[in-house]
Every structure is written in C-alpha cells, then in structure tokens.
Amino acid sequence: MSTDRIPMSKEGYDRLKAQLDKMKNEDMPRIAEQIATARDFGDLSENAEFDAACEAQGMLQARINELQDKLGRGMIVDKSTLPTDRVVFGSRVRVLDLDMNDEEDFILVGPGDEDYDQNKILLTSPIGQALVGKKLDEEVEVPIPAGTLRLRIIKIAIE
C-alpha cells in the first residue's frame, strides 16, 4: 500500500465512505450468516456452500481494506483554489487527437467520481497521468494497446 495522498472531491469521498459502511454493516454480516448456515450442513471438507461463502468473505474483506486505505489517504480538494493555467485534479481538458483530428473532453477526477460514460477519468489513469501538469498547446503521448495516442491540449478549465 502506498502512502501517497489521493485527491478527491467531497462528493467522491462521501460515496466511497457510503460504500464502505454498506460493506461493513450489511454485506459482511450477511456473508457471516451464510457461513454459519453452510457450516450447519455438516462435513466442511466437501461443503461447496461453505467454501463459496468463505471465498466471498475474503474478497469482501480485501475490498474493505482497499477502500479503507483510499479513504485514509484521501485528501479533499477545494476546486476553487486550483490553478487554471495547467492540468490538475478537477480540470476539464479538451484535447485534439493529432492522428484522428478529433476533439474530446476529459474531466480528471479522483476515486468515487469516475464515470467513463461522462468522460470523467481517474487522475491516475494513463491519459490522466499524461495530461496532469501540462499547459495549453502542449502535446502528450499516451501508450495504448494499439500504439500511441498523441494529444494536444487545446482548452483547460476547472469543472
């Protein structure tokens, strides 16, 4: 686990917190009940229900640990204090794809706010990492499975 701070909006932080609370207070007790019920079926060495419930509990605990880590490292960012001359957390960035001659907007967000249908991409995504810190008219190259995405920043605004 990293010790780096994770920028988040207040809304994103609250969404992750609500997910964590649901996992701890609803999902985990439900799985514990399933384990208890499966244990009552008898021989645990050949009990598929017990094995499945234990596996589900382990996966849920891993997700809980991951969310607790993110929330613990979360840093709520006040967007009104962010610079507008370069790409930062919360920026709406319009880019020109230099190979396709096509424009696209991206909004750089933190965990809990990502929505790829709305082009809200994680700051830590490959495109987000390539854009962060760049200024207007700068070009970036993003390695993708099909080659390299070449983008020019044509507009920066704070969302």
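Modeller: One definition to begin with: buried means under 20% relative accessible area, exposed over 50%, and partly exposed in between, with a 1.4 Å probe and protein chains only. This is a predicted model, where local features need pLDDT of at least 70 and side-chain atom pairs count only at pLDDT 80 or more, while totals for chains, interfaces and linings use all residues. Residues are numbered from 1 along each chain as its sequence is written, and side-chain values use heavy atoms, with hydrogens and water left out.

Biologist: Serine 9, then: buried or exposed?

Modeller: Serine 9 counts as buried because its relative accessibility is 3%. The residue sits in the loop between β1 (6–8) and α1. Helices (H or I, at least four residues) and strands (E, at least two) are DSSP runs, numbered from the N terminus.

Biologist: And what is serine 9 in contact with, sequence neighbours aside?

Modeller: Leaving out neighbours within four places in sequence, Ile76, Phe89 and Asp113. Contact means heavy atoms within 4.5 Å. A polar atom of the serine 9 side chain also lies 2.9 Å from the backbone nitrogen of glycine 12.

Biologist: Moving on to aspartate 27. Where is that?

Modeller: Aspartate 27 is in helix α1 (residues 10–39). It is buried, as its relative accessible area is 13%.

Biologist: Which side chain does its side chain make a polar contact with?

Modeller: That of lysine 22, at 3.0 Å. A polar contact is a pair of N or O atoms within 3.5 Å; within protein, one must be able to donate a hydrogen and the other to accept it, and residues adjacent in sequence count only if both atoms are side-chain atoms. Beyond four places in sequence, aspartate 27 is in contact with Lys22 and Leu60.

Biologist: Now the sheet. What is the strand order?

Modeller: β5-β4-β3-β7-β6, an open sheet of five strands with mixed pairing. The edges are β5 (120–122) and β6 (139–144), each pairing on one side only. Two strands pair if DSSP finds at least two bridges between them.

Biologist: How many bridges join β3 and β7?

Modeller: Seven, in the antiparallel sense, between β3 (residues 91–97) and β7 (residues 147–158). Arginine 92 has alanine 157 as its bridge partner in β7.

Biologist: Last one, phenylalanine 106. Which strand?

Modeller: Strand β4 (residues 102–109). Phenylalanine 106 is buried, with 7% relative accessibility. Not counting residues up to four places away in sequence, it touches several residues, among them Ser91, Arg92, Asn119 and Leu131.
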